[in-house]
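Let's take a walk through this structure together. Have the sequence and the 3D view at hand as we go.

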Amino acid sequence: MQLRIMGCSGGEADGERLTGLLVNGTVAIDAGSITQALTVDEQIRIRHIFISHSHLDHICTLPFFTKNLFGHIEDPVVIHALPETLDVLRRHLFNDELWPDFSVIPSPDKPIIRYTEIEPEKVYEVEGLAITPIRVNHLVPCVGYKVDDGKSAFIFTSDTAETDRIYEIANATKHLKYFITEASFPNEQAWLAEASKHLTPNKLGEELKKLAADVPVGIYHLTPGDRPVMLPQLKAIPDKRIRLLEQNAVLEF
Ligand SMILES: [Zn+2]
Ligand SMILES: [Zn+2]
């Protein structure tokens, strides 16, 4: 499996916490940075996008992506998300006011995007991958994902405060190769992390005690202005599996 980090707030120059992963060139998990990370030719290859939740840093390039595809694709790109998330996209983004409704353009039977509701812990088979949404603990309805090609799997928790189920599923995944989770605010802002349902490095250290596998743990979602404070705090966590995800990194496993 090839996993490309389209966006992770993992670099000095990455001024926002835009989030997106690309699997085998055709399946995206979140859409915070598709049009920044990929050429138009690469964007056209995407057939499915699994959205974790409705926050802007996870969906904000969807409008420009749909525009780039116009005239270049035959079949719609399938947007998989929780019903609550799709509702937000319909009402607040592709509503003809903020952006044209590409779920009916150029025509309702041949649109650019097609919405599909997902249910936590059901397995969705696309492009040779088994993709399982797993509910996590965030301010709005949110799922992480397990992505499994039968030989290797990775788990992406998306944005979450303390949560258990995704760790249980990780621990039951025999060929887990990579685990991706967040750290958003420095330890001094534990109150803010709690209020916005995110993790600090201290909380992350506690959470990772639930993960049994000896696999790399990639961290994303650092607040850019707090990086200088957060990096030593992340290093201080006594867990050798931790590493920072890097923007545009390509991982093979
Ligand atoms: Zn969020
Ligand atoms: Zn986020």
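A residue is called buried when its relative accessible area is under 20%, exposed when that value is over 50%, and partly exposed in between. With those terms in hand, we can turn to the metal sites of this predicted model.

Start with the zinc ion (ligand 1). Its protein donors are His53 (NE2), His55 (ND1), His138 (NE2) and Asp159 (OD), at 2.2 to 2.5 Å from the metal. Along the chain these donors are spaced as H-x1-H-x82-H-x20-D. The site is irregular, with angles of 92 to 165° among the 4 donor atoms. Here distant parts of the chain are linked: His55 sits in the loop between strand S4 (48-50) and helix H3 (56-59), while Asp159, 104 residues apart from it, sits in the loop between strand S12 (153-156) and helix H6 (165-171). His55 is partly exposed, at a relative accessible area of 26%, whereas Asp159 is buried, at 1%.

Now look across to the zinc ion (ligand 2), which lies 3.6 Å from the zinc ion (ligand 1); Asp159 bridges the two. The protein donors of ligand 2 are Asp57 (OD), His58 (NE2), Asp159 (OD) and His221 (NE2), at 2.0 to 2.1 Å. They follow the spacing D-H-x100-D-x61-H. This site, too, is irregular, its 4 donor atoms making angles of 88 to 165°. Another pair of distant parts of the chain is linked here: Asp159, in the loop between S12 and H6, and His221, in the loop between strand S14 (217-220) and helix H9 (227-235), are 62 residues apart. Both Asp159 and His221 are buried.

Methods
Residues are numbered from 1 along each chain as its sequence is written. Chains are lettered from A and ligands numbered from 1 in the order in which they are written. This is a predicted model: local features need pLDDT of at least 70, side-chain atom pairs count only at pLDDT 80 or more; totals for chains, interfaces and linings use all residues. Side-chain values use heavy atoms; hydrogens and water are left out. Donors are N, O and S atoms within 2.8 Å of the metal (3.2 Å for Na, K and Ca); water is not among the atoms, so sites may look incomplete. Four donors count as tetrahedral if all angles lie between 85 and 135 degrees; four count as square planar and six as octahedral if opposite donors are over 155 degrees apart and all others between 65 and 115; anything else is irregular. Helices (H or I, at least four residues) and strands (E, at least two) are DSSP runs, numbered from the N terminus. Buried means under 20% relative accessible area, exposed over 50%, partly exposed in between (1.4 Å probe, protein chains only).
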